[in-house]
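Q: Please take a close look at one residue and its surroundings. Then set that part in the context of the rest of the chain.

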Amino acid sequence: MTTDAETPRPITRIQREKQEVILEAALDVFSQFGFRGSTIDQIAEAAGMSKPNLLYYFKSKEDIHAPLLARILDTWLEPLREMDPKGDPLPEIQSYIRRKLEMSRDFPRESRLFANEMLRGAPGFYDILHTDLKDLVDEKVKIIKGWMAEGKIAKADPYHLIFSIWATTQHYADFDIQVKAVLGRERGGEGRFEDAARFLDQLFLHGLTPHNKR
């Protein structure tokens with residue numbers, strides 16, 4: 001029999017809002033300094049609260065990091081989930097590239113946090129990478145292979161196709177400071193993402209167009 005002492009109390013609206021403030025601040029800190037380089041003191045300062053107050057809501061740095069990672073991975077997988085097996089292959093792949101590039105534009109902190117986690121061996125993602133992520137990629141690879149077998153797109157390694165899309169689109173978040181520096185003032189503004197989209201369309205869609213349709 002469960003006693004009142006054993007039943008967790010539902011969190012209040014104010015508690016939920018405080019948690020969101022902390023998570024938002026932690027996203028800034030973790031994306032700049034990585035997990036190892038970040039401290040509870042830094043997160044508390046960014047959240048505008050004392051360290052004891054922060055620790056009332058989250059007991060440790062790990063307790064803050066874990067829900068952020070879960071959110072990010074779910075957000076990161078959504079564009080791939082949206083790839084429709086019944087759609088026209090080239091527009092579906094083009095839409096995937098565009099959605100990934102939009103994420104780099106709109107969620108640069110999340111992208112950098114994700115990249116930092118990969119660089120440190122993904123201890124917070126390890127199980128999910130080998131289950132949820134792998135299962136989803138395998139599912140979409142099967143779809144892409146089907147399109148290739150039907151002659152709708154050129155034959156290529158579908159896994160490395162997906163990896164290449166990840167690498168080229170996320171570059172614009174993880175290395176944005178480099179992109180803007182090299183492009184300069186004239187081309188380094190918001191238009192850089194549309195320029196990138198046009199180039200990546202040309203790169204991937206030309207490569208995937210069947211030879212008899214080029």
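A: Leaving aside residues up to four places away in sequence, Ser31 touches Ala26, Arg109, Arg112, Leu113 and Asn116; contact here means heavy atoms within 4.5 Å. The model is predicted, so local features need pLDDT of at least 70 and side-chain atom pairs count only at pLDDT 80 or more, while totals for chains, interfaces and linings use all residues. Residues are numbered from 1 along each chain as its sequence is written, and side-chain values use heavy atoms, with hydrogens and water left out.

Ser31 is located in helix α1, residues 13-37. Helices are DSSP runs of H or I with at least four residues, strands are runs of E with at least two, and both are numbered from the N terminus. With a relative accessibility of 7%, Ser31 counts as buried; buried means under 20% relative accessible area, exposed over 50%, and partly exposed in between, using a 1.4 Å probe and protein chains only. A polar atom of the Ser31 side chain lies 2.9 Å from the backbone oxygen of Leu27.

The chain as a whole has 10 helices and zero strands. Its C-alpha trace spans about 70 × 55 × 30 Å along the principal axes. Of its 214 residues, 40% are buried. Among contacts with a separation of 6 or more, 68% join residues 24 or more positions apart.

Another buried residue is Ala122, with a relative accessible area of 4%. Ala122 sits in the loop between α6 (108-119) and α7 (126-149). Its phi is positive, about 55°, although Ala122 is not a glycine. Most residues other than glycine have a negative phi.

Elsewhere, helix α4 (residues 61-81) packs with helix α5 (residues 89-106) at an angle of about 160°, their axes 9 Å apart. Axes are lines fitted to C-alpha atoms, for helices over the stretch in contact, and angles run from 0 to 180 degrees between N-to-C directions. α4 and α5 are therefore roughly antiparallel, since angles over 145 degrees count as such, under 35 as roughly parallel, 65 to 115 as roughly perpendicular and the rest as oblique. In this pair, Thr75, Trp76, Pro79 and Leu80 of α4 meet Tyr96, Arg99, Lys100 and Met103 of α5. The residues of this contact divide into five nonpolar, one polar and two charged; Ala, Val, Leu, Ile, Met, Phe, Trp, Tyr, Cys and Pro count as nonpolar, Asp, Glu, Lys and Arg as charged, and the others, Gly among them, as polar.

Notes
A polar contact is a pair of N or O atoms within 3.5 Å; within protein, one must be able to donate a hydrogen and the other to accept it, and residues adjacent in sequence count only if both atoms are side-chain atoms.
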